[in-house]
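Hi everyone, thanks for coming. Let's get the picture up on the screen and then walk through it together.

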Amino acid sequence: MNYNSDKIDTLVSFTENDLRVDRPYQNDNFTRTNLGYQREGNENKIATPFNRNDDLQTTLFKTGILNDPEVLPTFTKYKDVSYECPNRKSIFSKRLNKVISTVSNTYELVKHDVILDAIQPNLNFLDVEHIISMQNTARVFIVCAIKNNDLEVSNGDAIRRRMIFVNSMDGSYSFKVIQSDVRLWCFNQMGSIQSGKNKMVFKHQSGVNNQLENLGKYLSFQRDDFSNSIEEFKAMRNTKCSNSMLKDLFLHSFQDKLTGQITDKETKLKRNKEFKDINKE
């Protein structure tokens, strides 16, 4: 996925630090609200519809994420006559009063409300950090941290586990629940976070909404599993690395870049790739 094609409509944060969003990811009417700290200077005078005392449902409603979608037929017009498109259907937002996407007939709509239903009963241990609405509310990222579970891998090096909820109504993303220990500071990181293996993926196909009914159980399980992962981090930290181990790790990490041959600039002859060739690619 080319993330430059994703445009963020609204970002609401509840952390002390803003989530960085580079300009290529900002919609023309991009708005940012940080409820995690009191702004200083003229920024306090900027009107915002959000209030730090709002509950989660109210906040999601104000962002437009709870966009009341409905599946409708898709039509095209030729010489003032309308024809239904047989293999497409439209996702229409009754709140926005507009079509937010067209999808294939086999596409199964998963409303963003499913994320609310998963988080709401688990707010005793989930702390919402960032709410990101994109592409006219067709796509959403909601980042949650697990409360009171920061554990140190080493002195002063705390790890905070996060659960990131992803959904789309335009076929761009499957519904995902991602477990991540990445120190999140920039939206650009979402690409690598989504490509990680520690996640649940639900494709928008028949039966997906029935599968998502058990999402709450998964959240509780991940909370219990957190301490085990921290112990694995600590064990890795206490492992002494020899030169041979580092070389093996390097070879494993870059094995694809060391495959094949290259033309030597000095001899003009073909030879096997070496370490010094990696930075030339």
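So, here's one to start with: are Phe141 and Tyr173 buried or exposed? Phe141 is buried, and Tyr173 is buried as well. By buried I mean under 20% relative accessible area, with exposed being over 50% and partly exposed in between, using a 1.4 Å probe and protein chains only.

Quick housekeeping. This is a predicted model, so local features need pLDDT of at least 70 and side-chain atom pairs count only at pLDDT 80 or more, while totals for chains, interfaces and linings use all residues. Residues are numbered from 1 along each chain as its sequence is written, and side-chain values use heavy atoms, leaving out hydrogens and water.

Now the overview. The protein chain has 6 helices and 14 strands; those are DSSP runs, H or I of at least four residues for helices and E of at least two for strands, numbered from the N terminus. Of its 281 residues, 41% are buried.

Let's look at strand S6, residues 126–134. Here 8 of the 9 residues are buried. S6 runs antiparallel to strand S1, residues 8–13, with 5 bridges joining them; two strands pair if DSSP finds at least two bridges between them. One example is Ile8, whose bridge partner in S6 is Met134. S6 also runs antiparallel to strand S7, residues 139–146, this time with 8 bridges. There, Ile132 has Phe141 as its bridge partner in S7. The hairpin of S6 and S7 has 4 residues between the strands, and Gln135 takes a positive phi near 50 degrees.

Back to the rings. How many aromatic pairs does the structure hold? It holds 2. Rings of Phe, Tyr and Trp (its six-membered ring) pair if their centres lie within 6.5 Å; planes under 30 degrees apart are stacked, over 60 edge-to-face, and the rest tilted. Phe141 and Tyr173 have ring centres 5.5 Å apart and planes at 75 degrees, so they're edge-to-face. Phe141 sits in strand S7 and Tyr173 in the loop between strands S10 and S11, 32 residues apart.

Phe175 and Phe202 are edge-to-face too, at 6.2 Å centre to centre with 70 degrees between the planes. Because Phe175 is in strand S11 and Phe202 in strand S12, this pair ties together parts 27 residues apart in sequence. Both Phe175 and Phe202 are buried.
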